[in-house]
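Below is a briefing on one protein model. It covers the nonpolar cores, the overall fold and the surface.

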Amino acid sequence: MPSAEINDFRIHYERGGSGPPLVLLHGITGNARSWQHQLQDLAASYDVVAWDMRGYGSSSDPIGSYTLADVAEDLAGLLGHLGFARAALGGHAMGGVLALEFYGRYPAQVQALILADTNAGHAELVAEDRAARAPAATAEAAVLRPATPALLSLDAPPEVLQEAEHILAEIHPDGYRYAAHALAEADEREVLPRVKVPTLVLWGELDEVTSRQDAQYLADRISGARFESIPHAGHLSNLEQPEAFNAAVRRFLAKLANSA
């Protein structure tokens, strides 16, 4: 399995394809496998990389709390390891917040942003609202698993539910707890008006974790951002409706290439 030693962590990643670089960042309940449908499909046209953030998948566990700024430094290290001077960043949920954090620190390294089922961070929320956005940060992975249906639409096929459950079952409890703390402190609102790269905001039309208002907030405050809804998809829109999700990404990146 490919990995890199970055900031004293072993960072695992999956990679496929060739072409312009596209780096995918999973959410708080995911890992690199959350992007398997994108790795398989988009690799026909792009050099696609999906990582395991510190504390997730096959990457090293953190030994203490951290901030999203720390994870942005991990991401900078990974891009350097891969030899990517610039890349399109795609982030789902917490991964989208991280993409904004990274852009705020390294704008010259970002070619475009794809922000899926995400928001500007949770720092502005009151404590009760933060708790409602994700399962309890102290929960064990086994306790998290019943929450899986809430991440999908009511009509999600059994095989999609099973796929999501398998990914959720791989959560490292400590990794999740530290990630939840970092997300709770994140606030990327001031970054939004500074974004000067093409941006696509995607939202599953049946998402009960991230509201349309949250997603629209991003699109309204990032100059020139495009908003698209993924039909018949809950929060895990890239997993539940991969064909529609990938088609939206392809249209966006193709337009980006044509305007270059």
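The largest nonpolar core of this predicted model has 64 residues, and Val23, Trp51 and Leu113 have the most contacts inside it. A nonpolar core is a set of buried Ala, Val, Leu, Ile, Met, Phe, Trp, Tyr and Cys residues joined through side-chain atoms within 4.5 Å. Helix α2, residues 68-82, gives the most to this core, with eight residues.

**Cores**
- Leu113 touches, among others, Leu89, Tyr103, Val195, Pro198 and Phe252, with residues up to four places away in sequence not counted; contact means heavy atoms within 4.5 Å.
- Nonpolar side chains tend to be buried together in soluble globular proteins.

**Fold**
- The protein chain has ten helices and eight strands, taken as DSSP runs (helices H or I, at least four residues; strands E, at least two) and numbered from the N terminus.
- Of the contacts with a separation of 6 or more, 77% join residues 24 or more positions apart.
- The C-alpha atoms fill a box of roughly 45 × 40 × 35 Å along the principal axes.

**Burial and surface**
- Buried residues make up 55% of the 260 residues, where buried means under 20% relative accessible area (1.4 Å probe, protein chains only).
- The accessible surface is about 10,900 Å², with 51% belonging to carbon and sulfur atoms, by the Shrake-Rupley method with a 1.4 Å probe.

**Basis**
- Residues are numbered from 1 along each chain as its sequence is written, and side-chain values use heavy atoms, without hydrogens and water.
- Local features need pLDDT of at least 70 and side-chain atom pairs count only at pLDDT 80 or more, while totals for chains, interfaces and linings use all residues.

Definitions and conventions:
Buried means under 20% relative accessible area, exposed over 50%, partly exposed in between (1.4 Å probe, protein chains only).
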